[in-house]
Amino acid sequence: MDDKEKATFSDSEIEGIAKAIALADLAARSPKEKNPSIPMAKDEHFNKAVAKAKSGDVYSGK
């Protein structure tokens, strides 16, 4: 059973894999019901944030 192949990755590929794993771990650990950073209602602030995101600006909440 020595027919296993080895995979080789570049440093940038390893870094990308590590970032993906770290983000997945962070998302899995975050409390979903207490996460206020994701607005669920389409109100005035939501519409302003979407408009600014589409234009490339950063929404500051004002």
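Where does phenylalanine 9 lie relative to α1 (11-29)? Phenylalanine 9 sits in the segment before that helix; helices here are DSSP runs of H or I, at least four residues long, numbered from the N terminus. Keep in mind that this is a predicted model, where local features need pLDDT of at least 70 and side-chain atom pairs count only at pLDDT 80 or more, while totals for chains, interfaces and linings use all residues. Residues are numbered from 1 along each chain as its sequence is written, and side-chain values use heavy atoms, with hydrogens and water left out.

Phe9 teams up with Ile14, Ile17 and Ile21 in a nonpolar surface patch, and together they show about 390 Å² of accessible area. A patch takes residues with over 30% relative accessible area and no salt bridge, joining nonpolar side chains (Val, Leu, Ile, Met, Phe, Trp, Tyr) within 5 Å and like charges within 9 Å. Areas come from the Shrake-Rupley method with a 1.4 Å probe, and for residues only the protein chains shown count as cover. Phenylalanine 9 itself is partly exposed at 48% (buried is under 20%, exposed over 50%, partly exposed in between).

Now for the charges: the whole structure has three salt bridges, each a Lys or Arg side-chain nitrogen within 4 Å of an Asp or Glu carboxyl oxygen. In α1, lysine 19 and glutamate 15 are four residues apart, about one turn, and pair at 3.3 Å, N to O. Aspartate 25 and arginine 29, also four apart in α1, come to 3.0 Å; arginine 29 is exposed at 66%. In α2 (residues 44-55), glutamate 44 and lysine 48 are likewise separated by about one helical turn, because they are four residues apart, and their closest N and O atoms are 3.3 Å apart.

Key
Helices (H or I, at least four residues) and strands (E, at least two) are DSSP runs, numbered from the N terminus. Buried means under 20% relative accessible area, exposed over 50%, partly exposed in between (1.4 Å probe, protein chains only).
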